[in-house]
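Here is a friendly tour of one protein model.

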Amino acid sequence: MDRVIAVEEHIATEAFLRTAHRLGVLAGDEAETGLMRTVEGADPLRARLTDLDARIAVMDALGQELAVLSLNPPGVQSYPPADAVPLAREFNDALAGIVRRYAGRFAGLGTLAPQDPAAAAEEIRRVMGPLGLNGVMINSHTGGRYLDEPEFAPLLEAAEAARAPIYLHPRIPAARGGYLDYGLSGAIWGYQAEAGLHAMRLILSGTLDRYPGLTVVLGHLGEGIPFWLRRIDNRHAFAQRVAGAATPMPTLELTPSEYFRRNFAVTTSGIDDPDVLGLVLRAVGEDNIMFAIDTPYEDPADAVAFLREAPLTEPQRAAISHRTAERVFALR
């Protein structure tokens, strides 16, 4: 395994945290933002988000060459557009500076404010152009709205045109309902349910017929979708044949699993499980799987040990450790 690239590695800057923690929050996002401000407010997690020299020391100790950095979730998506748009620009400028300063050790995914789709589209062009970053991260819904909805067409058009992969990161579900109790809204269950829902909306809405060149990245080995692909295809075909079997849905050019294999890549973030990895390999192939740690929320040593020890062929290990990431994020 000659190169290790981790692709879901969160950071924040002290300047971003000072500004963001003073801002008002959109209605409905108070609880999630309060939780993340608590996480970001004290060590050890604050230091793990902001101390990049310490992070490189850990990477060196583990033999990890490169980390693809992204803003700690939920980014700027819980703030009013007038605050979120300039804050995204400021963070992306800082991220581009970090990538330049630590040449060869970091790449970056820009953050966006989808609250203003036109500004988000312009920021994609800037991220992929003058800033020289490698894609963007969107933290699932924005105010309960999803990227398949018509208002986000400028954002998706810009992402496809700029060849900007969208890392679709989880957040607390928009539909809170039964998620509010027992910790279910977060990473225990709600995060993957929310991101999986968003991905399925992109597939079943016909969005990927309109934007066939779009690349979407999902963490956690696909947010559960690879496990369900055969049933999704089966039930989608049944619903097309049998009147009343499902709520109205558009006619698609491909099967749901074909979109998943064509337009999506998945990462290992947070799932160091050889059985799950084996299932996903069979479902989508090693050319659609990338290594990720989910720093600072997972143990880097455990994640790298899993990558080295998982029962893989050497071509599979090379694809997952670096080759898929090099292709998806245009990394050198």
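## The largest pocket

The largest pocket holds about 780 Å³ of space. Of its 33 lining residues, those closest to the centre are Gly186, Ala187, Tyr191, Gln192 and His220. A pocket here is an open set of points on a 1 Å grid over the protein atoms alone, where a 1.4 Å probe fits, with protein on both sides within 12 Å along at least five of seven lines; lining residues have an atom within 4 Å of a point. The volume is the space filled by probe spheres set on the points, which are joined across faces, edges and corners.

This is a predicted model, in which local features need pLDDT of at least 70, side-chain atom pairs count only at pLDDT 80 or more, and totals for chains, interfaces and linings use all residues. Residues are numbered from 1 along each chain as its sequence is written, and side-chain values use heavy atoms, leaving out hydrogens and water.

Which element gives the most to this lining of the largest pocket? Helix H8 does, with six residues. Strand E1 (5-11), helix H2 (30-41), H8 (190-204), H10 and helix H11 (225-241) each supply at least two. Helices (H or I, at least four residues) and strands (E, at least two) are DSSP runs, numbered from the N terminus.

By class, the lining of the largest pocket has 18 nonpolar, nine polar and six charged residues. Ala, Val, Leu, Ile, Met, Phe, Trp, Tyr, Cys and Pro count as nonpolar, Asp, Glu, Lys and Arg as charged, and the others, Gly among them, as polar.

## The second largest pocket

About 380 Å³ of space lies in the second largest pocket. Among its 23 lining residues, Arg163, Pro165, Thr215, Arg327 and Val328 are the closest to the centre. Its lining takes two or more residues from each of helix H7 (153-162), helix H12 (256-263), strand E8 (264-267) and helix H15 (314-328).

Most residues other than glycine have a negative phi, and most peptide bonds are trans. Leu221, in helix H10 (residues 220-223), has a positive phi of about 50 degrees. Leu221 is buried (under 20% relative accessible area, with a 1.4 Å probe and protein chains only), at 2%.

Asp294 also has a positive phi, near 75 degrees, and is buried at 8% relative accessible area. Another cis bond runs from Pro73 to Pro74.

Notes
Buried means under 20% relative accessible area, exposed over 50%, partly exposed in between (1.4 Å probe, protein chains only).
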